[in-house]
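Here's a quick briefing for anyone opening this one for the first time. Have a look at the sequence and the model, then read on.

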Protein chains: 2
Amino acid sequence: MGPLPGFRDFYPEDCARRNHLIGTWREVCRRYGFIEFDGPILESTEIYQRKSGPEIVGQLFNFTDKSHREVSLRPEMTPTLARMVAAREREFRKPLKWFSIGQFFRYEKQQRGRLREFYQLNCDIVGEPAAGAEAEIISLMIDLMRAFGMTSSDFFVRISSRMAWAGFLQTKNISAERSAQFLAIVDKLERETEDVTEKKLGEFGITLGEVRDFVHDPQSSPALSQLQRELEQRGLVDFVRIDLSVVRGLPYYTGAVFEIFSREVSLRAVAGGGRYDNLVRDFSDGAVDLPAVGFGMGDVVLGELIDETPAAADQRKKHVNREQALQIYAVIAKEERRNDALAQIARLRAEGFRVDYPLTHAKVGRQFQTAEQLGAQIAVLYGDEWPDVKVKDLTSRKEELVPNSDLPARLKDQIT
Amino acid sequence: MGPLPGFRDFYPEDCARRNHLIGTWREVCRRYGFIEFDGPILESTEIYQRKSGPEIVGQLFNFTDKSHREVSLRPEMTPTLARMVAAREREFRKPLKWFSIGQFFRYEKQQRGRLREFYQLNCDIVGEPAAGAEAEIISLMIDLMRAFGMTSSDFFVRISSRMAWAGFLQTKNISAERSAQFLAIVDKLERETEDVTEKKLGEFGITLGEVRDFVHDPQSSPALSQLQRELEQRGLVDFVRIDLSVVRGLPYYTGAVFEIFSREVSLRAVAGGGRYDNLVRDFSDGAVDLPAVGFGMGDVVLGELIDETPAAADQRKKHVNREQALQIYAVIAKEERRNDALAQIARLRAEGFRVDYPLTHAKVGRQFQTAEQLGAQIAVLYGDEWPDVKVKDLTSRKEELVPNSDLPARLKDQIT
């Protein structure tokens, strides 16, 4: 009686945690002047075959629909964004600053942090070639993490550049066709033994020493040094580090690439992105040519990182409690007062208070117990005192008698 | 370059309208003490074959996954709710008051208001057999509509009862097996010609007159009369009407059923639900037996109704503007001030303000134009006056010089 393998049920506590991520993502993106869009969860398989690269296509959650269409549950947002922008770009002022929050699907072997569905925030600036767009995007990534209660002791951003590697390969006379193969070796630099890496690099006539020198040489990418300075001016020096060993899997990046990592040993990527200047053009068969830079941040690794970061976990707990807690519980001490209580409950709810009450007759003690279990701040008792009601603060345990007509005003003062 | 047939792209304006529905649904449900949950978008096909009935199973968006599992994009929420409640009901205090908001899928012929995907709010009370649960659920449906700016001139709730019809069929000696067939005739009462209906009813030995008398006789269902009185006591008399011609398509209802209709001629159903006391038991193969009552409200017909209701459309427009509008636009009049501006923008965003600025050099006039287009309330100009900044209210056109250190406090007063 569980969900399908790799899929999650969101019981109320899980759902509140998910809403905390989504709500925080949305709030911070809006502070940055980003506006929200979304696309369909199901797309034509073809749009992923075009540009997403072999890794994603091999893991597509795809099938043939009842009209014999090849369709896929979306594995990522960027192809949909490129499709939508290409279709209607004239209607929007450039640069676009767009974000979206949705669910994504991959049919892959299950392992820790790798479900078959996950939520992801995507943020993109479309139509701005200047490096100021990278700075704005990276700054947003950092502020998103900070909004969850994370500090520079918990995470940092590693910034690299596809352009820098393209230059390196040119000086070594290695063709563009072989670059993906070469970058795959760089991508595994930290996980592979030195011997294996040396051997693989040997096929390109390059030594591990040369690669390491290039990775650590500040002169390797003047453009990144400029970007780093801009981020420093924003007060983000503790959060960013140039590290050319980051290359990112997706083939469509054309310039800067960046990833957020947790500082703990396992170095898990929490978010990643980069510049992809050709994707919109390719999706519109050349009709619309707009440079773009963006990133994605998933819910699974981020959720684990929050679990492991006490300040962040504490902040999330407060949010979850606030989302679920009731404000007022109406204790119906005398059934003769039920109709009066119901009428007042309707008015309180209309004013925006969160109010609950017993649907059928229950003992007064039991009703107070329910009020506590539901996290109510205030219990209002309808009984012999009518038309007065007894208002009890369930935190301070103080209670007082109030004319029922004064109740809404009184509660406005008391509810935090 | 569009989405798949029957699927929607949500460009920013569409997305803001969707968020307005979702946000309002969530807010009103919480006022009623409902807490949110969610399930997977993909479920085993079997759970729909069990109980959802032939109409839904015929329209399933189903396929075989790469592990040869029969899976379906969810067409409705109730089977998932029953599955989840049956699996972990001991952990939750009864009655559960749970809601969920998600996307659903049906593979059906496209027509107005019937896409292949839609959003739906589902609200359920699980574990309460008393009619007070129906009253709470129907009251919530009505308040949801009112929160969108709808009044009793725009919509009403028709309430009926499967129990009442079961009693009617018993007096006519018609077996329970034939009741679905009979209720299908009642369901079409308003859309079918009298001749055809008479003929179909003849097979049951019943006349159209008998059915009409039963539909309009207040004595047909004493339980419904009691429910109506409870709703009247909540001040909802203008919103509800007993009408036994409503039977609802889904086979799992066992008691009261109800639908919200717009008052315009076409009588489209905006929301519908009822009591389904056996579903949790059936899903747990008898292990968990909990009565339940709930409803679903979709985004498509509701959205059309808002379009056609000026007060509701106006309220939505305000919400959409508020969701998308920027608060502050930083006009960088001198590039030498860009770093000072960026530092201050970072601080303002950290305080929660929505701030944007030009990513690259632009003429001052052009920047003010952008500020207006983005709907900013305030423009802050960084130029020769530094360390003072010029603060311009873009509505009143008033401007004043302010020391930059005073800016956050000043903006707090000015931003509405």
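A salt bridge here means a side-chain nitrogen of Lys or Arg within 4 Å of a carboxyl oxygen of Asp or Glu. One such pair links the chains: Arg18(A) bridges to Glu36(B), with the closest N and O atoms 3.9 Å apart. What you're looking at is a predicted model, where local features need pLDDT of at least 70, side-chain atom pairs count only at pLDDT 80 or more, and totals for chains, interfaces and linings use all residues; side-chain values use heavy atoms, with hydrogens and water left out. Residues are numbered from 1 along each chain as its sequence is written, while chains are lettered from A and ligands numbered from 1 in the order in which they are written.

**How the two chains are related**

**Where the chains meet**

- Contact means heavy atoms within 4.5 Å, and 87 residues of chain A are in contact with 87 residues of chain B.
- The copies meet through the same surface, because 100% of the interface residues of chain A are also interface residues in chain B.
- About 7,300 Å² is buried between chain A and chain B, with carbon and sulfur atoms giving 58% of it; buried area is the accessible area (1.4 Å probe) that two parts lose on being put together, summed over both.
- Met1(A), Tyr11(A) and Leu359(A) supply 11% of the area that chain A buries against chain B, more than any other three residues.
- The rule finds 12 salt bridges across this interface.
- There are also 31 residue pairs in polar contact across the interface, both residues being at pLDDT 80 or more. A polar contact is a pair of N or O atoms within 3.5 Å; within protein, one must be able to donate a hydrogen and the other to accept it, and residues adjacent in sequence count only if both atoms are side-chain atoms.
- Helix α1 (residues 12–31) of chain A gives the largest share of the side of chain A that touches chain B, at eight residues. Helices (H or I, at least four residues) and strands (E, at least two) are DSSP runs, numbered from the N terminus.

**Salt bridges across the model**

- Over all chains, the count comes to 80 salt bridges.
- Arg275(B) pairs with Glu134(B), the closest N and O atoms being 2.6 Å apart.
- Since Arg275(B) sits in strand β10 (residues 269–275) and Glu134(B) in helix α5 (residues 132–147) of chain B, the pair ties together parts that are 141 residues apart in sequence.
- Both Arg275(B) and Glu134(B) are buried; buried means under 20% relative accessible area, exposed over 50%, and partly exposed in between (1.4 Å probe, protein chains only).
- Glu335(B) and Arg338(B) meet in another salt bridge, at 2.7 Å from N to O. Glu335(B) is partly exposed at 32%, whereas Arg338(B) is buried at 11%.
- Shared partners join Arg18(A), Glu323(A), Arg26(B), Arg30(B), Glu36(B), Asp38(B) and Arg74(B) into one network of salt bridges.

**Helix α6 of chain B**

- In α6(B) (residues 162–171), Arg162(B), Ala164(B), Trp165(B), Phe168(B) and Leu169(B) are buried.
- They sit on the same side of α6(B), because they cover an arc of only 155 degrees around the axis (using the directions from the helix axis to the C-beta atoms).
- On the other side of α6(B), Met163(B), Gln170(B) and Thr171(B) are exposed.
- The buried residues pack against β7 (155–161), α7 (179–187), α9 (208–216) and β9 (256–262) of chain B.
- At the start of α6(B), a side-chain oxygen of Ser161(B) comes within 3.1 Å of the backbone nitrogen of Met163(B).

**Two buried residues in chain B**

- Arg316(B) belongs to helix α13 (residues 310–324) and counts as buried at 7% relative accessibility.
- The side chain of Arg316(B) makes a polar contact with that of Asp307(B), at 2.6 Å.
- Ser284(B) is in the loop between α11 (279–283) and β11 (292–298), and it is buried at 10%.
- Not counting residues up to four places away in sequence, Ser284(B) touches Met1(A) and Ala86(B).
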